[in-house]
There are 2 protein chains.
Amino acid sequence: MTMPEPKSKRDEIREAAARLFRDKGYAATSMRDLAGAVDIKASSLYNHFDSKEDILRQICFDNAQRFLAGLQEVENSADSATEKLRALIGLHIQIATEDLTSITAFNDEWRHLNEPYLSEFKTIRRDYERRFQSIIEDGMNKGELRSMDSHIATYTLFSSMRWLYDWYKSGKRISADELQRDISALLMNGLSV
Amino acid sequence: MTMPEPKSKRDEIREAAARLFRDKGYAATSMRDLAGAVDIKASSLYNHFDSKEDILRQICFDNAQRFLAGLQEVENSADSATEKLRALIGLHIQIATEDLTSITAFNDEWRHLNEPYLSEFKTIRRDYERRFQSIIEDGMNKGELRSMDSHIATYTLFSSMRWLYDWYKSGKRISADELQRDISALLMNGLSV
DNA sequence: CCTACCGATCGGTAGG
DNA sequence: CCTACCGATCGGTAGG
């Protein structure tokens, strides 16, 4: 009886690491904790990864890539700024629902990267933020969106999607569709009637 | 020449700790790091605090108290739900501008508390969230606010104010008044024109 | 993948 | 507030 070809040991370690980094934080997670989670000895982890930071690095950069790829697709569309923003809200929700633990570790623990990776990560992140903000500014210039400080608008949108990581963790049953509908309505049309 | 009666050594340690916890995280901050920041030896820290966690505990519970006190005041007012929400947005912005480092440590590092303090902290936090949510539900029932999932509305509002901690850190010059005006406008009336 | 082990660093204490 | 020190634990390596 062959198993459905599950994940490699390497992937298993990566997922366990993402979970531990999310739950305890990177610094408070020891290689012995991680080894115990995948039923091997700590020294055996080094057959799969060069270092503790190497694991974090892959979690951070792989997820950054997912966000950038999604953004690229939205940018290439012929949609209005309003539709692009809805699509981006959907992108964040979709990524959060697909791979929650990994995303949370990516979001909260990247600061533990060492140079030169830390600077590289920050550059990628800034690039994402700028391109996101450009879409908002474009919408303001075209009169689709309310004129206001575009930094404030950008960061408010960003972080309003960030709580999803905590929310899903607590096991709430709510569909991605309903989330996208309600959050989009709130951000685009406001809480007032 | 008498100095303006500055802070006690204890307060000095607390502030240095908040800064280190914010910048490196609680787990990655050693008592030797902290001692160096206030120019004493690590062992001398124990004349002021019982343990490393004791410092974190005070940062977490003191700040929780500030939020609860502000919420209490808003609840006691005779304002409409809309006005209460504006006041709460103002409360979060005001606290963030007053004592930024401490608030960031409080927000990100409380999970490193040990029992029974961890449970106590979570209880207080849940209480705050519930009362915040009650105000939103009240506004929906009275027809002031758009009907939607009140959990989603609550958490979106919460986290949309959380990015302030990162934002101010990067040294942006923008007044608390402008922040409150723009964020309130976005959340209450939406980004669409 | 394991056993055995390394030097460094950790939070904290004793005693003054 | 310091010197001197503790046992525990850390990330990582050697060698098989």
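## Terms and model

A polar contact is a pair of N or O atoms within 3.5 Å; within protein, one atom must be able to donate a hydrogen and the other to accept it, and residues adjacent in sequence count only if both atoms are side-chain atoms. The model is predicted: local features need pLDDT of at least 70, side-chain atom pairs count only at pLDDT 80 or more, and totals for chains, interfaces and linings use all residues. Residues are numbered from 1 along each chain as its sequence is written, chains are lettered from A and ligands numbered from 1 in the order in which they are written, and side-chain values use heavy atoms, with hydrogens and water left out.

## DNA strand D

DNA strand D is surrounded by 15 residues, and the closest are Met31(A), Arg32(A), Lys41(B), Ser44(B) and Asn47(B). A residue is near a strand if one of its heavy atoms lies within 4 Å of it. By class, the surface near DNA strand D has 3 nonpolar, 8 polar and 4 charged residues. Here Ala, Val, Leu, Ile, Met, Phe, Trp, Tyr, Cys and Pro count as nonpolar, Asp, Glu, Lys and Arg as charged, and the others, Gly among them, as polar.

Chain A reaches phosphate oxygens of DNA strand D through residues including Thr29(A), with a backbone N or O atom at 3.3 Å. A polar side-chain atom of Ser30(A) lies 3.4 Å from a phosphate oxygen, and for Met31(A) a backbone N or O atom is 2.8 Å from one.

## DNA strand C

Around DNA strand C there are 14 residues, the closest being Lys41(A), Ser44(A), Asn47(A), Met31(B) and Arg32(B). Sugar or phosphate makes up 50% of the atoms of DNA strand C within 4 Å of the protein, and the rest belong to bases. The surface near DNA strand C divides into 3 nonpolar, 7 polar and 4 charged residues.

A phosphate oxygen of DNA strand C lies 2.7 Å from a backbone N or O atom of Lys41(A). In chain B, an N or O atom in the side chain of Arg32(B) is 2.8 Å from a base nitrogen of DNA strand C.

## Where the chains meet

In chain A, 43 residues are in contact (heavy atoms within 4.5 Å) with 43 residues of chain B. All of the interface residues of chain A, 100%, are also interface residues in chain B, so the copies meet through the same surface. The two chains bury about 3800 Å² between them, 62% of it on carbon and sulfur atoms; buried area is the accessible area (1.4 Å probe) that two parts lose on being put together, summed over both.

Between chain A and chain B there are 2 salt bridges, a term for a side-chain nitrogen of Lys or Arg within 4 Å of a carboxyl oxygen of Asp or Glu. One salt bridge joins the side chains of Arg111(A) and Glu109(B), at 3.0 Å from N to O. The side of chain A that touches chain B has 21 nonpolar, 10 polar and 12 charged residues.

## Symmetry

Chain A is superposed on chain B by a rotation of 180° with 0.0 Å of shift along its axis, at an RMSD of 0.0 Å. That is the relation of a two-fold axis. In chain A, Gly190(A) has the C-alpha nearest the axis, 1.8 Å from it. The copies are superposed by least squares on the C-alpha atoms of residues with pLDDT of at least 70 in both.
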